[in-house]
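My entries are below, in the order I made them.

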Amino acid sequence: MRRISWMLAMVMCVTLLLAGCGKKSADDVVKDLSDVVSDLNSYHGTALMTLHTGDTPQEYKVDISYRKPSYYRIAMTNEKKDVTQIVLRNDEGVFVLTPSLNKSFRFKSDWPNNQGQVYLYETLVRSIIGDASRQLATDDKSYVFDVAANYNSHALVRQKIWLSKSNYAPTQVQVSDANAKVVVDLKFDQFAFDTKFDKDSFDMERNMASGKTNTKSEGAPSSGAVDSSSQLDPGGAIDGATGVKSSEAGQEQGTAGDATQQQTGEAKVDGAATGDTSKPDTAASTEQQQNPEASDAATGASAGTDAAEAMMGEFGLIEPSYTPAGVQIKDTPELEENGTHAVMLRYSGTYNYTIVEARPKDRAVALSAGELVDIGGSFAVLTGSEQQTLTWMNDGIEFRITSADLPVSEMIQIAASIQDQSGK
């Protein structure tokens, strides 16, 4: 009897030892992740991203495509507003496309290498590898890392990243603020490595054409895993967005830019200002076709613009739900009526800045050198040095925050808080 008890004890010890050997440490997983990224050829994923930055949560469908060495297609659709756009990177540069309006921007940029994105696999892995104080937990199916959030916002402090135990594919990401409140919740519907794409999946013209037909998403893998049937709201949030079918080509052509940008711009472009515009070298409109040096990708004005503008009309006064500490609204001076329904909000205190809101008519816009900024569910363009301006489009409205002393992180937080607000 004593011999049997001793043998059972030995079996249990061996079982526990083997179980312990099968459990990977954080360093083991990090080494594996380094190998996965170094051997990365392509991937495709879709996810639902929920932003808790305003009064009500904002949901976005995100479609992510990557092919080695540096081809990207980020497609984002605002579920509530049914707004869709495309951010594309290929050998010709970085593009922000609004297919249903037949508009495109192209600019020289190192994006996304110079700016992390929560929905990009490389960004998540870099966050894990780069945080020496990372914490690792596990559940039945996932490795769960708790690491620092390295994004261009002081409001985002920590993030939890769920990776599948089977192949290290991401399944969920939660980014939290200093109070441990989840601000960004990204849940992947599916994610696949070594995805096969059509030869022209990252081609600008093909992706532009995707918004004019009822076909599937043009940046999707050959197997057609992405649904791009939602329509693009003209002047929608300038983000990483997706190709869509278009029945709205006759609606308003939203544009971004202002008098200051026109005085210092390097290239004429048409459409919403949306990106790192250092040496912007493409975009087009009816006006741009008269200036060959300013035009690279033909975008043309859509028919019926004037009627659409008249129908959309005034939008009231849209106030951000976030204001920096020590700042209050000073006044809302009247602006000269020029058909854009423009309004201004002036703030003073710890920081001094203005917010201009307008529904601009279709026009050529000059852009100075700038950079692409993620404002949560949208991309904006940051221009200027001593005095900086953050410009983006949402629901056909152009927003501009201008200040000489407001930090970029505060600009981003203000801009994000405007996304779910309506006019008063």
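The entries start with the ground rules and then go through rings, residues and helices.

**Ground rules.** I am working on a predicted model, where local features need pLDDT of at least 70, side-chain atom pairs count only at pLDDT 80 or more, and totals for chains, interfaces and linings use all residues. Residues are numbered from 1 along each chain as its sequence is written, and side-chain values use heavy atoms, with hydrogens and water left out.

**Aromatic pairs.** I took rings of Phe, Tyr and Trp (its six-membered ring) as paired if their centres lie within 6.5 Å; planes under 30 degrees apart count as stacked, over 60 as edge-to-face and the rest as tilted. By this rule I get 14 aromatic pairs. One of them is Tyr72 with Trp111, edge-to-face at 6.1 Å centre to centre and 65 degrees between the planes. For the elements I used DSSP runs numbered from the N terminus: helices (H or I) of at least four residues, strands (E) of at least two. Tyr72 lies in strand S3 (residues 71-78) and Trp111 in the loop between strand S6 (103-107) and helix H3 (121-130), so this pair ties together parts 39 residues apart in sequence. I then checked burial, where buried means under 20% relative accessible area, exposed over 50% and partly exposed in between (1.4 Å probe, protein chains only). Tyr72 is buried at 5%, and Trp111 is buried at 1%.

Next I looked up Tyr143 and Tyr168, which are stacked, with 5.9 Å between centres and 20 degrees between planes. Tyr143 is in strand S8 (residues 142-148) and Tyr168 in the loop between strand S9 (158-164) and strand S10 (170-176), 25 residues apart. Tyr143 is buried at 9% relative accessibility, and Tyr168 is buried at 7%.

I also noted one aromatic cluster made of Tyr43, Tyr66, Tyr72, Trp111, Tyr121, Phe188, Phe191 and Phe193.

**Charges over rings.** My criterion was NZ of Lys or CZ of Arg within 6 Å of the ring centre and within 35 degrees of the ring normal. Lys165 lies over the face of Tyr143, 5.9 Å from the ring centre. Arg67 has its charged end over the ring of Tyr71, at 5.1 Å from the centre.

**Ser201.** I found Ser201 in the loop between strand S11 (182-193) and helix H4 (204-210). Ser201 is buried, at 0% relative accessible area. Its side chain reaches the backbone nitrogen of Asp198 at 3.1 Å.

**Ile418 and H7.** Ile418 belongs to helix H7 (residues 408-418) and is buried at 0% relative accessibility. Which residues does Ile418 contact, leaving aside neighbours within four places in sequence? With contact taken as heavy atoms within 4.5 Å, I list Ile318, Pro320, Ile355, Trp392 and Phe399. Ile418 and Asn394 are 24 residues apart in sequence and 9.2 Å apart in space, C-alpha to C-alpha. As for H7, nine of its 11 residues are buried, including Glu410 and Met411.

**H2.** The buried residues of H2 are Val29, Val30 and Leu33. They cover an arc of only 100 degrees around the axis, which puts them on the same side of H2; the arc is that of the directions from the helix axis to the C-beta atoms. These buried residues pack against H3, strand S7 (135-138), S8 and S9. On the face turned away from the buried side I noted the exposed residues Asp27 and Lys31.

Terms used
Polar contact = N/O pair within 3.5 Å; in protein donor to acceptor, adjacent residues only side chain to side chain.
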